[in-house]
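Colleague: Hi! Could you walk me through this one? I'm still new to reading structures.

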Amino acid sequence: MNVLQSAASVTGRILLSHIFIISGLSKAANPAGTIGYIQSVGAPMPEVAYAIALFVELVLGIALLVGYQTRLASAGIAVFTVATAFMFHNNMADQIQQIMFLKNLTIVGGLLMVVAFGPGALSVDHRRR
């Protein structure tokens with residue numbers, strides 16, 4: 001792997017992971033508000049959904065950031081992101097929700113690239129080899 005590929009892969013992981021980590025920290029700071037929002041869209045078991053969101057966004061987000069179990073973390077985040085697109089951003093008559101839906105799918109595309117090609121040289125996974 002050359003320097004450009006190494007720099008691009010670590011930059012990509014940073015950019016992909018930061019939205020999840022920041023969102024997870026926000027959810028952790030306001031559990032009642034987050035659970036209320038989850039309830040407002042009619043999701044079942046909002047407390048469980050909240051716990052899943054925290055795990056995915058914080059634990060898997062940090063794993064993606066540092067490149068630990070990167071393919072598995074990226075796949076888990078991708079599944080979560082597709083689910084949230086359909087659950088929270090499904091009103092295609094609302095342009096903002098349509099954009100949010102498409103943003104989620106775009107992020108999934110980046111995550112699937114990580115699943116396919118791995119974390120790159122600047123990662124915990126690469127150092128463990």
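Predicted model: local features only at pLDDT ≥ 70, side-chain atom pairs only at ≥ 80, totals over all residues.

Colleague: Okay! How many helices and strands does the protein chain have?

Modeller: The protein chain has six helices and zero strands. Read from the N terminus, the order is α-α-α-α-α-α.

Colleague: And what are its spans along the principal axes?

Modeller: The C-alpha trace spans about 45 × 30 × 20 Å. The radius of gyration of the protein chain is 16 Å, which agrees with the value near 14 Å that a compact globule of 129 residues would have.

Colleague: What share of the residues is buried?

Modeller: Of the 129 residues, 39% count as buried. The accessible surface comes to about 7400 Å², and 71% of that belongs to carbon and sulfur atoms.

Colleague: What about contacts between residues 24 or more positions apart?

Modeller: Those pairs make up 68% of the contacts that have a separation of 6 or more.

Colleague: New topic: charges. How far apart are the mean positions of the positive and negative ones?

Modeller: They are 17 Å apart, counting 7 positive and 4 negative charges.

Colleague: Let's pick a helix. What span should H4 have, and what does it have?

Modeller: H4 covers residues 70-88, so at 1.5 Å a residue its 19 residues should span 27 Å. Its end C-alpha atoms are 26 Å apart, which agrees.

Colleague: Which residues of H4 are buried?

Modeller: Among them are Thr70, Ala73, Ser74, Ile77, Ala78 and Thr81. Further along, Thr84, Ala85 and Phe88 are buried too.

Colleague: Why would residues three or four places apart point the same way?

Modeller: An α-helix has 3.6 residues a turn, so residues with that spacing end up pointing the same way.

Colleague: Nice. What covers the buried residues of H4?

Modeller: The cover includes H1 (3-29), H2 (31-40), H3 (46-66), H5 (95-117) and H6 (124-127).

Colleague: Can we zoom in on threonine 70? Is it buried or exposed?

Modeller: Threonine 70 is found in H4. Its relative accessibility is 0%, so it counts as buried.

Colleague: What does threonine 70 touch?

Modeller: Leaving out residues up to four places away in sequence, threonine 70 touches Arg13, Leu64, Val114, Pro119 and Asp125.

Colleague: How about H3, what is its reach?

Modeller: H3 has 21 residues and reaches 29 Å from its first C-alpha to its last, close to the 30 Å expected at 1.5 Å a residue. Its buried residues include Pro46, Tyr50, Leu54, Glu57 and Leu64. The cover over the buried residues of H3 includes H1, H2, H4 and H5.

Colleague: And what follows H3?

Modeller: Glycine 67 comes after H3, and its phi is positive, near 80°. Glutamine 69, in the loop between H3 and H4, has a positive phi of about 50° although it is not a glycine. With 36% relative accessibility, glutamine 69 counts as partly exposed.

Colleague: Where does methionine 45 lie, and what is its phi?

Modeller: Methionine 45 lies in the loop between H2 and H3. Its phi is positive, about 45°, although it is not a glycine. Methionine 45 is exposed, with a relative accessible area of 56%.

Colleague: Over to H1. Is serine 9 buried or exposed?

Modeller: Serine 9, in H1, has a relative accessible area of 17%, so it is buried, given that buried means under 20%. Not counting residues up to four places away in sequence, serine 9 touches Met1, Pro119, Gly120 and Ala121.

Colleague: Last one: where is methionine 113?

Modeller: Methionine 113 is found in H5 and is partly exposed, with a relative accessible area of 48%. Methionine 113 and arginine 71 are 42 residues apart in sequence, and their C-alpha atoms are 9.4 Å apart in space.

Colleague: Thanks, that helps a lot!

Conventions. Residues numbered from 1 in each chain as written. Heavy atoms only, no water. Helix = DSSP H or I, 4+ residues; strand = E, 2+ residues; numbered from the N terminus. Rg over C-alpha atoms; globule rule 2.2 N^0.38 Å. Buried < 20%, exposed > 50% of the residue type's maximum accessible area, 1.4 Å probe, protein only. Contact = heavy atoms within 4.5 Å. Areas by Shrake-Rupley, 256 points an atom, 1.4 Å probe, with all protein chains shown as cover. Lys, Arg positive; Asp, Glu negative; His and termini not counted. Charge placed at Lys NZ, Arg CZ, Asp CG, Glu CD. Expected span 1.5 Å × (residues − 1).
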